[in-house]
Amino acid sequence: MLQAVPKPVTGPSRAQPVTGLILTGGGARAAYQVGVLAALAQLRRDAGAAQGNPFPIISGTSAGAINATTLACHADDFDAAVDGLVHLWQGLHVESIYRADVFEAVRSGARWLSMLSLGWAIARWTRTRPRSLLDNSPLRELLSRYLDMDRLEPMLAAGHLRALALTGSSYTSGQHVTFFQTHHHIVPWLREQRMAVQARLTLGHLMASAAIPFIFPAEMLPLEGLGEWFGDGSMRQSAPISPAVHLGADRILVIGAGRMKEPEGRRHQAAGVHPSMAQIAGHAMSNIFLDALAVDVERLRRINRTLALLPPDMRAATALRPIELLVIAPSRRLDDLAGEHQASLPKSVRAMLRAFGVSGRGNKTSGSALISYLLFEPSFINELINLGLSDTLAKRAEVQRFFGWPARAPQLDPAALRRSRSAGFASSLLP
């Protein structure tokens, strides 16, 4: 819950509002965020405002943490960072994220099915204790090659970045933890079953935040001198927007990975047909990844409306402050979109998912929600990126008002705007 937080972080008054960016989770769905960021970069260039980092405060969760960390590590060149993300995501395949060969997929699926169908006795007899459904070691290898997290310190020291926050959920203690790195004085916050810890962020924090429950294995991280097992930061995340507020953001852009409101009308299933394991898993994941954000957005808007009703003296006396908010979220059901592209999954993965009840095609696919988190294939990824682009451009006027960008680009000499970008980041992401 968004609760009373300190007014802006102590220090000299700021002429411009500090903008925070919230990137939420959702596995392959996070490709949508890349399309939004690409559209924002274009709108910023069109406005002649392509100088500096538009997001001094960045908070990421789950797969959104990967996008957030990329932007933070290259906060000195926002356009290049976005270009790099586009190249990275467009080049992904399932094998880039988790092992999808026939042997591994069958072995992983068989372990879980034996655990679920034959019970603990078989598991004990075979000494089989699966850590997760899938092995995401390829993701670790990918990120270790292409993401230099040591760049965070120079970005913070040079003032290109104010703070980066990554969230994880501790299986050990039950705490929802926001790990943040900053050079500013921030008092770590503590709320019911959630806390903030200042730390030097590592690849381990990133892997922990993106460890989808049941799907990917947990990650061990130090917390208050002890090691705890952490999983996806979207679990038990009651206030996704809160980290950016605590870190001093005056206005916040939230990029979601699912529809904030479903279209009217019920989705029907044949009478008497019990939902499959895949349907139940997809429903549970939607609850983990999507529902808390919609609730928190409405909560923040309600706080803003309440503060607007207070006279200035009473508003000055409260610890709360109004936060300008812009939300960009998919205009289409990503579950249905994933169903249309399920055939692009490797045969071994499709076979494994069928064992869990995935069936059908297109928007008639049973278990398409589960597929949408695992479908790291170009056909689906490119559709998500294009959807992010079109949704953002549809909000062009709203985006321009939020950032204070002119509706038309000023008449400037193109040579004066040309940026001497080193060939670095975008090309370095390509093998």
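Student: How much of this protein counts as buried, and what makes a residue buried here?

Tutor: In this predicted model, 54% of the 431 residues of the protein count as buried, a label given to residues with under 20% relative accessible area. The secondary structure around them comes to 19 helices and ten strands.

Student: What makes leucine 156 count as buried?

Tutor: Leucine 156 has a relative accessibility of 6%, and the label needs a value under 20%, so leucine 156 counts as buried. Its place is in helix α8, residues 152-157. Leaving aside neighbours within four places in sequence, leucine 156 is in contact with Leu161, Arg162, Ala163, Gln181, Thr182 and His183. With histidine 183, leucine 156 has a C-alpha to C-alpha separation of 6.3 Å in space, although the two are 27 residues apart in sequence.

Student: Why is glutamate 224 called exposed?

Tutor: The relative accessibility of glutamate 224 is 67%, and exposed means over 50%, so glutamate 224 counts as exposed. This residue is placed in the loop between β7 (219-223) and β8 (226-232), and its phi is positive, about 55°, although it is not a glycine.

Student: Where is serine 62, and is it buried or exposed?

Tutor: Serine 62 is found in the loop between β2 and α2 (63-73). Its relative accessible area is 1%, and buried means under 20%, so serine 62 is buried.

Student: Turning to the helices, how do you know that α1 and α17 are roughly perpendicular to each other?

Tutor: Helix α1 (residues 31-46) and helix α17 (residues 396-403) pack at an angle of about 65°, with their axes 11 Å apart. Angles of 65 to 115 degrees count as roughly perpendicular, and α1 and α17 are therefore given that description. The crossing in which α1 passes α17 is right-handed.

Student: Which residues meet where α1 packs against α17, and what are their classes?

Tutor: From α1 come Leu40, Leu43 and Asp46, which meet Arg396, Val399 and Phe403 of α17. By class, the residues of this contact are four nonpolar, no polar and two charged.

Student: What is the handedness of the crossing of α1 and α3, and what makes up the contact?

Tutor: The axes of α1 and helix α3 (residues 78-90) come within 10 Å and cross at roughly 145°, and this crossing is left-handed. On the side of α1 the contact is made by Ala31, Val34, Leu37, Ala38, Ala41, Arg44 and Arg45, and on the side of α3 by Phe78, Asp79, Val82, Leu85, Val86 and Trp89. These residues divide into ten nonpolar, no polar and three charged.

Student: How do α2 and α3 cross, and which residues make their contact?

Tutor: The axes of α2 and α3 come within 8 Å, crossing at roughly 145°, and the crossing is right-handed. Asn67, Thr70 and Leu71 of α2 make the contact with Phe78, Ala81, Val82, Leu85 and Trp89 of α3. Here the classes are six nonpolar, two polar and no charged residues.

Student: How many aromatic pairs are counted, and what makes two rings a pair?

Tutor: Rings pair if their centres lie within 6.5 Å, and by this rule the count comes to eight aromatic pairs.

Student: Why is the pair of phenylalanine 55 and phenylalanine 403 called edge-to-face?

Tutor: The ring centres of phenylalanine 55 and phenylalanine 403 are 5.8 Å apart and their planes stand at 75°; planes over 60 degrees apart count as edge-to-face, so that is the name for this pair. Phenylalanine 55 lies in the loop between α1 and β2 (57-61) and phenylalanine 403 in helix α17, so the pair ties together parts that are 348 residues apart in sequence. Both phenylalanine 55 and phenylalanine 403 are buried.

Student: What makes the pair of phenylalanine 403 and tryptophan 405 stacked?

Tutor: The centres of these two rings are 4.3 Å apart, and their planes are at 10°; planes under 30 degrees apart count as stacked, so the pair of phenylalanine 403 and tryptophan 405 is stacked. Tryptophan 405, like phenylalanine 403, is buried.

Student: Which residues form the aromatic cluster that includes Phe403?

Tutor: That one cluster is formed by Phe55, Phe78, Phe402, Phe403 and Trp405.

Conventions
Residues are numbered from 1 along each chain as its sequence is written. This is a predicted model: local features need pLDDT of at least 70, side-chain atom pairs count only at pLDDT 80 or more; totals for chains, interfaces and linings use all residues. Side-chain values use heavy atoms; hydrogens and water are left out. Axes are lines fitted to C-alpha atoms, for helices over the stretch in contact, and angles run from 0 to 180 degrees between N-to-C directions. Helices (H or I, at least four residues) and strands (E, at least two) are DSSP runs, numbered from the N terminus. Angles under 35 degrees count as roughly parallel, over 145 as roughly antiparallel, 65 to 115 as roughly perpendicular and the rest as oblique. A crossing is left-handed if the near helix is turned anticlockwise from the far one by less than a right angle, and right-handed if clockwise. Contact means heavy atoms within 4.5 Å. Ala, Val, Leu, Ile, Met, Phe, Trp, Tyr, Cys and Pro count as nonpolar, Asp, Glu, Lys and Arg as charged, and the others, Gly among them, as polar. Rings of Phe, Tyr and Trp (its six-membered ring) pair if their centres lie within 6.5 Å; planes under 30 degrees apart count as stacked, over 60 as edge-to-face and the rest as tilted. Buried means under 20% relative accessible area, exposed over 50%, partly exposed in between (1.4 Å probe, protein chains only).
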